[in-house]
Amino acid sequence: MENFRRESDLLGELEVPVNAYYGVQTQRAINNFKISGQLLSAYPEFIKGLAFVKKAAAKTNYELGLLDESLYFKIIEACEEIIDGQFHEQFPVDMIQGGAGTSINMNANEVIANRVLEKMGKNKGQYEFCSPNDHINLSQSTNDAYPTAIKIGLLQMNVRLVEKLQKIVEAFRAKGKEFHDVIKMGRTQLQDAVPMTLGQEFEAFAATLEEDISKLNNNASLFVEVNMGATAIGTGINAPVGYASLCAKNLAQITGFQIISAPNLVEATPDTGSYVIYSSAMKRLAVKLSKICNDLRLLSSGPRTGLFEINLPPMQPGSSIMPGKVNPVIPEVVNQVCFKVIGNDLTVTFAAEAGQLQLNVMEPVLSHAIMENIHFLCNALDTLREKCITGITANKEVCLNMVKHSIGIVTALNPYIGYKQSTQIAKEALETGKSVYNLVLEKGILTQEKLDDILDPKNMLSPHNK
């Protein structure tokens with residue numbers, strides 16, 4: 001039995017697996033770009049983005065009288081199958097490639113065309129009946145279809161990322177409520193500062209991450225502006241009058257996103273500014289998330305010689321040589337994800353800067369970096385929430401004892417005895433090992449009743465009048 005069929009293109013003939021829905025140009029990309037090992041098939045939202053674009057293009061071409069009705073309906077059916085998750089294994093092109101995305105665009109064109117041929121009762125590769133270029137890519141270029149598919153893919157992926165982020169915000173907030181009465185010492189520059197509650201600390205984690213929900217959504221909103229109808233460089237060659245605005249309208253109706261046509265297609269075709277600003281929002285999130293993981297590792301350090309204010313859920317033995325050791329492996333892995341995200345943001349910056357004249361040919365690595373970041377962050381947020389945050393417990397007595405023995409509580413005396421005298425008390429407490437409390441009483445500076453009221457930790461957790 002023949003295992004291959006032969007297809008031809010500009011460069012000649014090539015064998016393609018007989019059952020493959022992709023064709024010769026996809027096969028050339030498979031042969032040429034063995035780079036990252038991360039294939040288009042690993043990013044379902046991107047594949048769906050391509051199918052949305054091809055569906056909207058077919059609808060627009062049909063409404064403008066360029067597509068036969070029978071062929072149009074079959075193209076729509078094939079696109080909907082892909083949107084529903086079918087045939088995703090037929091997208092084997094490496095995410096990083098040369099050609100400004102032509103291989104990915106043609107991969108979609110070929111899969112849809114061969115699925116249509118199958119529906120027509122024809123053999124795969126009989127492109128005289130349904131052509132990847134003449135029918136599926138009608139009124140388009142890679143230079144408008146590909147970036148539009150990326151943007152629709154990213155709009156979908158952002159929804160998923162925001163959902164994951166919202167869940168971890170809720171998890172931190174729940175811990176904030178759980179720890180609302182756990183008095184502890186706040187620290188600045190790793191030195192004792194003033195008292196707070198562990199609940200306030202965890203609520204702050206929730207608040208700082210919650211800010212990034214609106215940042216991600218606001219920055220992702222830039223993806224709704226697309227350049228469909230630009231064709232090669234923005235002049236709209238080979239696209240009919242009215243195609244750009246109608247295609248954008250159809251994309252909005254099909255996807256549910258507020259897609260609009262860019263006001264200047266020549267400007268929009270090489271522009272990658274929306275990717276840069278969205279990537280910056282992910283970097284911002286990664287920086288914050290990594291700082292939180294650093295804090296969790298510090299707060300759980302010990303158990304005998306560290307802070308030991310909280311306990312992280314034990315996930316695995318911590319050493320092959322030190323018995324009993326358990327490491328904070330979940331915050332550690334999330335730290336590493338954050339480093340990757342920050343590094344990929346630099347890749348996006350360089351790729352965006354590398355645009356020349358009427359096109360940016362670096363969009364493959366740019367889109368891969370952003371999509372990889374979203375994928376990593378989604379997994380990291382779930383892992384941190386499920387395997388760490390929800391299982392954290394507080395060492396209440398440890399926290400309280402640190403407050404009682406801290407020099408930092410002398411700050412509360414400033415409004416009552418002045419900065420200079422407070423400094424002298426703090427210095428003597430450090431030198432003698434005596435508590436601030438006892439020194440103030442010994443020196444007769446304040447009555448015990450007044451001192452007890454001032455140094456009650458609960459009175460140092462929020463603003464109050466003397």
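Asn61 sits in helix 2 (residues 44-63), where helices are DSSP runs of H or I with at least four residues and strands are runs of E with at least two, numbered from the N terminus. This is a predicted model, in which local features need pLDDT of at least 70, side-chain atom pairs count only at pLDDT 80 or more, and totals for chains, interfaces and linings use all residues. Residues are numbered from 1 along each chain as its sequence is written, and side-chain values use heavy atoms, with hydrogens and water left out.

**Surroundings of Asn61**

- Asn61 is buried, with a relative accessible area of 0%; buried means under 20%, exposed over 50% and partly exposed in between, for a 1.4 Å probe and protein chains only.
- Beyond residues up to four places away in sequence, Asn61 touches Leu66, Leu67, Leu138, Ser139 and Tyr243, a contact being heavy atoms within 4.5 Å.
- The C-alpha atom of Asn61 is 8.6 Å from that of Cys247, although 186 residues separate the two along the chain.

**Nonpolar cores**

- A nonpolar core is a set of buried Ala, Val, Leu, Ile, Met, Phe, Trp, Tyr and Cys residues joined through side-chain atoms within 4.5 Å.
- The largest such core contains 114 residues, and Phe46, Leu296 and Leu384 have the most contacts inside it.
- Helix 6 (residues 142-178) gives the most to this core, with 15 residues.
- At least three residues of this core come from each of domain 1 (4-138) and domain 2 (150-179 + 187-223 + 267-396).
- Another core lies apart from it, with 19 residues, including Ala426, Val440, Leu455 and Met460.
- Neighbours within four places in sequence aside, Leu296 is in contact with Phe202, Phe205, Ile310, Leu312, Pro331, Leu384, Cys388, Ile389 and Ile392.

**Domains 2 and 3**

- Zero salt bridges are counted between domain 2 and domain 3.

**Salt bridges**

- A salt bridge is a side-chain nitrogen of Lys or Arg within 4 Å of a carboxyl oxygen of Asp or Glu, and the count by this rule is 31.
- Lys184 and Glu201 form one through their side chains, at 2.6 Å from N to O; Lys184 is in strand 3 (residues 183-188) and Glu201 in helix 7 (residues 198-220), 17 residues apart.
- Lys184 is buried at 1% relative accessibility, and Glu201 is buried at 15%.
- Glu309 and Arg187 meet in another salt bridge, at 2.7 Å from N to O.
- Because Glu309 lies in the loop between helix 10 (273-299) and strand 7 (310-311) and Arg187 lies in strand 3, the pair ties together parts that are 122 residues apart in sequence.
- Glu309 is buried at 0% relative accessibility, whereas Arg187 is partly exposed at 27%.
- Lys288 and Glu211 form a salt bridge with their closest N and O atoms 2.8 Å apart; Lys288 is in helix 10 and Glu211 in helix 7, so the pair ties together parts 77 residues apart in sequence.
- Lys288 is buried, with a relative accessible area of 14%, while Glu211 is partly exposed, with 42%.

Note on methods
Domain bounds come from an automatic or database domain assignment.
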